[in-house]
Amino acid sequence: MADHAHHHAMASVGDMPMPDSNCSMDNMQMQMYFHTGYTETILFSGWSIDSVGGLIASCIGIFFLAIIYEALKYFREYLFKRSFADVNYSSVTVVAGSDPNKIVKDVRQSIKRRLFSSGHFVQTALHVVQVALSYFLMLIFMTYNVWLCLSVILGAGAGFFIFGWKKSIVVDITEHCH
């Protein structure tokens with residue numbers, strides 16, 4: 001009897017039903033090592049491939065997703081630099097006898113205007129899209145499918161090649177590791 005109880009206590013995880021699911025771990029197809037198969041579920045259950053044609057189409061789509069990710073990074077940087085070019089800098093001169101509370105109030109109003117500006121909302125929305133896209137690309141890479149991983153890497157490389165040259169012509173004087 002003790003042996004029987006011990007057998008149940010030592011049951012493998014694959015024998016245990018998954019919560020809120022009718023499948024067990026034995027039915028899962030996730031391979032935690034690099035492989036070259038063409039049967040994959042990518043991000044969503046609706047994006048399942050089981051043919052070489054499906055794999056090739058997915059690789060092409062993922063390649064362009066990675067290019068879009070790189071384009072988005074540089075577009076956000078471009079918008080950020082442009083917004084600084086449009087900012088009118090003004091100096092605050094404190095005159096003897098002036099009210100320091102008025103100066104602080106003016107600075108706070110200026111910050112509030114920038115915080116709730118349309119440019120900041122656009123940057124925030126683009127940042128959210130960029131973060132979501134980066135996590136999607138990471139999860140695609142984590143399928144460990146060599147072809148999908150190569151699509152992410154080559155797409156990121158192509159995106160940097162297309163958009164990164166603009167950044168590389170500007171010397172960053174704050175960079176100390178050349």
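The model is predicted. The chain contains six helices and two strands, and 19% of its 178 residues count as buried. Two salt bridges are present in the structure, and a nonpolar patch that includes Phe-44 and Val-131 lies on the surface.

**Overall architecture**

- Read from the N terminus, the order of elements is α-β-β-α-α-α-α-α.
- The two strands, β1 and β2, cover residues 40-41 and 48-49, and the loop between them contains Phe-44.
- Contacts between residues at least 6 apart in sequence join, in 68% of cases, residues at least 24 apart.

**Packing of helices α4 and α5**

- Helix α4 spans residues 118-141 and helix α5 spans residues 146-163.
- The two helices pack at an angle of about 145°, and their axes are 8 Å apart.
- On the α4 side, the contact is made by Leu-137, Ile-140 and Phe-141. On the α5 side, Leu-148, Cys-149, Val-152 and Ile-153 take part.
- The residues of this contact comprise seven nonpolar ones, with no polar and no charged residue among them.

**The loop between α4 and α5**

- Thr-143 is located in the loop that connects α4 and α5.
- Thr-143 counts as buried because its relative accessibility is 6%, and the limit for a buried residue is under 20%.
- Leaving aside residues up to four places away in sequence, Thr-143 touches Met-30, Gln-31, His-35, Glu-40, Thr-41 and Leu-148. Of these partners, Leu-148 also belongs to the α5 side of the helix contact described above.
- Tyr-144 occupies the loop between α4 and α5 as well.
- The phi angle of Tyr-144 is near 65°, a positive value in a residue other than glycine. As background, most residues other than glycine have a negative phi.
- With a relative accessibility of 21%, Tyr-144 counts as partly exposed.

**The loop between β1 and β2**

- Leu-43 lies in the loop between β1 and β2, and its phi is likewise positive, near 65°, although the residue is not glycine.
- Leu-43 is partly exposed, at 29% relative accessibility.
- Phe-44, which is in the loop between β1 and β2 too, is partly exposed with a relative accessible area of 48%.

**The nonpolar surface patch**

- The patch is formed by Phe-44, Val-131, Tyr-135, Phe-136, Met-138, Leu-139 and Met-142.
- Together, these residues have about 630 Å² of accessible area.

- As a general point, side chains of opposite charge can pair when their charged atoms come close.
- Glu-70 and Lys-73 are separated by about one helical turn, because they stand three residues apart in helix α2, which covers residues 52-85.
- The two partners fall into separate accessibility classes: Glu-70 is buried, at 7% relative accessible area, whereas Lys-73 is partly exposed, at 28%.
- Glu-77 and Lys-81 form another salt bridge, in which the closest N and O atoms are 3.3 Å apart.
- Glu-77 and Lys-81 are four residues apart in helix α2, and therefore about one helical turn separates them.
- Glu-77 is partly exposed, with 23% relative accessible area, and Lys-81 is also partly exposed, at 44%.

- Gln-123 is part of helix α4.
- Gln-123 counts as buried because its relative accessible area of 15% is under the 20% limit.
- Apart from residues up to four places away in sequence, Gln-123 touches Arg-76, Leu-79 and Phe-80.

Conventions
Residues numbered from 1 in each chain as written. Predicted model: local features only at pLDDT ≥ 70, side-chain atom pairs only at ≥ 80, totals over all residues. Heavy atoms only, no water. Axes fitted to C-alpha atoms, helices over the stretch in contact; angles between N-to-C directions. Contact = heavy atoms within 4.5 Å. Nonpolar A, V, L, I, M, F, W, Y, C, P; charged D, E, K, R; others polar. Patch = residues over 30% accessible without salt bridge, like charges linked within 9 Å, V, L, I, M, F, W, Y side chains within 5 Å. Areas by Shrake-Rupley, 256 points an atom, 1.4 Å probe, with all protein chains shown as cover. Salt bridge = Lys/Arg side-chain N within 4 Å of Asp/Glu carboxyl O. Buried < 20%, exposed > 50% of the residue type's maximum accessible area, 1.4 Å probe, protein only.
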